[in-house]
Amino acid sequence: MSRLGRVPPSALVLLGIGSVQVGAGLAKSVFDELAPSAIVMLRLATSAVVVTIVARSLLRGVWQRHAKQDFLIVVAFGFTLATMNFAIYESMARIPLGIAVTIEFLGPLGVAVAFSRRRLDLVWVVLAASGVLLLARDDGSGRVTVAGVAFALLAAAGWAAYILLSVATGGRFPGSSGLALASIVGTVLMLPVGISAGGTALLRPELLAIGITVGLLSSVIPYTFELQALRHMRAQLFGILMSLEPAAAALVGLVILGEVLAVYEWVAIGCVVLASVGAARTQPPRPEVPES
């Protein structure tokens, strides 16, 4: 953490975004050999192990210090974590990475707008909806499927629920202990699905290594970077920078996976990014909540 403190907060956010999307690109590159749900299982398991080690001192005696309803929140958080990751990976398996992540980004955008009373935010809703409609239209190429879009929308709903449950969990459990417990729950939920879908491919060391790497790139590294950045920057600026994630996903899809998007698809992604930036800029400052 001391070395990360020397890196500008904005750079940490951008590096975190790049890490998430490179991890997604790496995951998608092996979908033909290892099922998406198996990769999700490995990603969640990697995150659970690392975060549990980090939060081990906070987890001591956790069962005695918390009420039953606190653990119900954690279970819901873990279920949401598993569902969100499962849905976006299933979407990525069916449609281009940039399109899947752009549609998924409706989740945090929707949460931001839902808690606002500004009429201007209706503009951002219309702009984002226009972008998604452009992305979801059938251009005859077969690259964008109904199932792919549906899974991306499910991931968006999961991301929205993740944000709300993250706040609820962070208010009940100190530090990253809530996230550790939720990651364990998510891993347990994904184990039967992931093992069944992965089969004997899970015994191949190179695929296991890729799954662990995806977990580090897509969960552990960005979480660490974002947590450090939020200590030194306004939440509003953080939200604006995070709005670049759909564009980053499209670029990673192009460079790593060779997914070439049409001009109108780049325009659509731009609409969602602009809507997210606009929503982040117009949000009134609120007290920061604990990260989980």
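**A pocket, a helix pair and an aromatic link**

In this predicted model, the second largest pocket is lined by 12 residues, and those lying nearest its centre are Val 54, Ser 176, Tyr 223, Thr 224 and Leu 227. Its volume comes out at about 190 Å³. H11 gives the most, with 4 residues.

Next comes a helix pair. Two packed helices are described by the angle between their axes and the distance between the axes. For H5 (residues 68-92) and H6 (residues 97-104), the axes come within 8 Å and cross at roughly 145 degrees. The crossing of H5 and H6 is right-handed. On the H5 side, the contact is made by Met 84, Ile 88, Ser 91 and Met 92; H6 answers with Leu 97, Ala 100, Val 101 and Glu 104. Sorted by type, the residues of this H5–H6 contact divide into 6 nonpolar, 1 polar and 1 charged. Ser 91 is the polar one and Glu 104 the charged one.

H5 also turns up in the aromatic picture. The structure holds 5 aromatic pairs. One of them joins Phe 31 and Tyr 89, with 6.0 Å from centre to centre and 50 degrees between the planes, which makes the pair tilted. Phe 31 sits in the loop between H1 (9-29) and H2, whereas Tyr 89 belongs to H5, so the pair ties together parts that are 58 residues apart in sequence.

Key: Residues are numbered from 1 along each chain as its sequence is written. This is a predicted model: local features need pLDDT of at least 70, side-chain atom pairs count only at pLDDT 80 or more; totals for chains, interfaces and linings use all residues. Side-chain values use heavy atoms; hydrogens and water are left out. On a 1 Å grid over the protein atoms alone, a cavity is a set of points where a 1.4 Å probe fits but cannot get out, and a pocket is an open set with protein on both sides within 12 Å along at least five of seven lines; lining residues have an atom within 4 Å of a point. Grid points are joined across faces, edges and corners, and a volume is the space filled by probe spheres set on the points. Helices (H or I, at least four residues) and strands (E, at least two) are DSSP runs, numbered from the N terminus. Axes are lines fitted to C-alpha atoms, for helices over the stretch in contact, and angles run from 0 to 180 degrees between N-to-C directions. A crossing is left-handed if the near helix is turned anticlockwise from the far one by less than a right angle, and right-handed if clockwise. Contact means heavy atoms within 4.5 Å. Rings of Phe, Tyr and Trp (its six-membered ring) pair if their centres lie within 6.5 Å; planes under 30 degrees apart count as stacked, over 60 as edge-to-face and the rest as tilted.
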